[in-house]
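Please open the model in your viewer and keep the selection tool at hand. The stops below follow one another, each with something to select and something to look for.

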Amino acid sequence: MAAAWLGVKAAPFAYAAHALAAAAAVLVLVWCVHFRGGLALEAQNKNLVFNVHPVLMLIGYIILGSEAIMIYKVFPKLNHDTAKLTHLILHAIATVLGAFGIYCAFKYHNDSGIANLYSLHSWLGIGTISLYGIQWVFGFVTFFFPGAAPSVRRSALPWHALLGLFVYVLALVTAELGFLEKLTFLESGGVDKYGAEAFLVNFTALVVVLFGASVVVAAVTPAHVEAPQGYESIPVN
């Protein structure tokens with residue numbers, strides 16, 4: 001792996017990812033609470049119900065999922081069984097919160113008389129959460145319980161990691177489309193294209209891009225320079 005040849009370690013990218021994750025979480029909360037009026041599961045103002053969607057999809061789905069991806073690199077000396085269980089639990093929580101975030105978007109649409117599943121953002125969103133769930137079930141059955149034979153796990157691990165990163169990148173693309181779509185609607189409704197809210201949304205989307213890039217690089221970069229591949233040093237049992 002080129003990263004190993006260059007002497008690049010995962011730690012700096014993991015640290016950057018955590019800083020960017022904190023920034024993204026604060027920014028999306030400022031947007032939804034300060035500019036959009038707050039969060040609610042039931043309200044006369046249906047926009048408050050929608051606001052739960054970006055908060056959960058970013059903080060609950062993407063950021064928690066990122067932590068699950070990076071757990072082996074953030075704590076390379078952690079007992080493997082503990083790291084594997086943490087990886088599994090964080091992904092499970094991310095899946096549940098992501099699914100609930102999507103439910104909130106459907107609820108907002110249904111309560112407001114807006115059609116569902118008409119945009120690329122919504123199509124990718126449903127596809128991504130479905131693939132995420134399938135990936136979690138595959139990982140659970142293969143690596144946790146009942147667990148496949150060691151040779152099968154050894155063969156499946158690189159594909160599991162690769163497909164996991166693919167789904168993660170899809171989630172990032174879907175989030176970017178969501179920011180773009182929502183801001184376009186807001187600007188069509190009168191939000192100033194050069195105003196504070198538009199700047200905040202665009203800047204949040206930019207931070208998410210940088211955050212996702214840091215996570216991906218941390219995931220494919222070895223925890224130690226001497227490790228030839230990012231995932232090769234992870235035992236399969």
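Begin by selecting proline 146, which lies in the loop between H5 and H6, where helices (H or I, at least four residues) and strands (E, at least two) are DSSP runs numbered from the N terminus. The peptide bond that joins phenylalanine 145 to proline 146 is cis, with omega about 0 degrees.

Before moving on, note that this is a predicted model, in which local features need pLDDT of at least 70 and side-chain atom pairs count only at pLDDT 80 or more, whereas totals for chains, interfaces and linings use all residues. Residues are numbered from 1 along each chain as its sequence is written, and side-chain values use heavy atoms, with hydrogens and water left out.

Next, select leucine 117, found in the loop between H4 and H5. Its phi is near 55 degrees, a positive value in a residue other than glycine. Most residues other than glycine have a negative phi, and most peptide bonds are trans. Leucine 117 counts as partly exposed because its relative accessibility is 42% (buried is under 20% relative accessible area, exposed over 50%, partly exposed in between, with a 1.4 Å probe and protein chains only).

Now colour residues 16-220, which a UniProt annotation from an unreviewed entry labels "domain: Cytochrome b561"; UniProt positions are given in the numbering used here, feature names are shortened, and annotations may be inferred rather than shown by experiment. Over this range the chain is 83% helix and 0% strand, and its end C-alpha atoms are 15 Å apart. The unreviewed entry also places the feature "transmembrane region" at several spans, among them 12-36 and 157-179. For residues 12-36 the end C-alpha atoms lie 35 Å apart and the span is 96% helix, while for residues 157-179 the end C-alpha atoms lie 33 Å apart and the span is 100% helix.

Within helix H6, select histidine 160. It counts as buried because its relative accessibility is 15%. Residues up to four places away in sequence aside, histidine 160 touches His87, Gln135, Phe138, Gly139 and Phe143, contact meaning heavy atoms within 4.5 Å.

Which residues lie nearest the centre of the largest pocket? Select Phe50, His53, Ala105, His121 and Gly178 to find them, among the 31 residues of its lining. The volume of this pocket is about 650 Å³. A pocket here is an open set of points on a 1 Å grid over the protein atoms alone, where a 1.4 Å probe fits, with protein on both sides within 12 Å along at least five of seven lines, and lining residues have an atom within 4 Å of a point. Grid points are joined across faces, edges and corners, and the volume is the space filled by probe spheres set on the points. H6 gives the largest share of the lining, eight residues.

For the last stop, turn to the largest nonpolar core, a set of 42 residues in which Trp31, Leu58, Tyr61, Ile62, Tyr168, Phe211 and Val215 touch the most other members; such a core consists of buried Ala, Val, Leu, Ile, Met, Phe, Trp, Tyr and Cys residues joined through side-chain atoms within 4.5 Å. Select serine 66 in helix H3, which counts as buried because its relative accessibility is 0%. Neighbours within four places in sequence aside, serine 66 is in contact with Tyr168, Phe211 and Val215. Serine 66 and glycine 212 are 146 residues apart in sequence, yet 8.0 Å apart in space, C-alpha to C-alpha.
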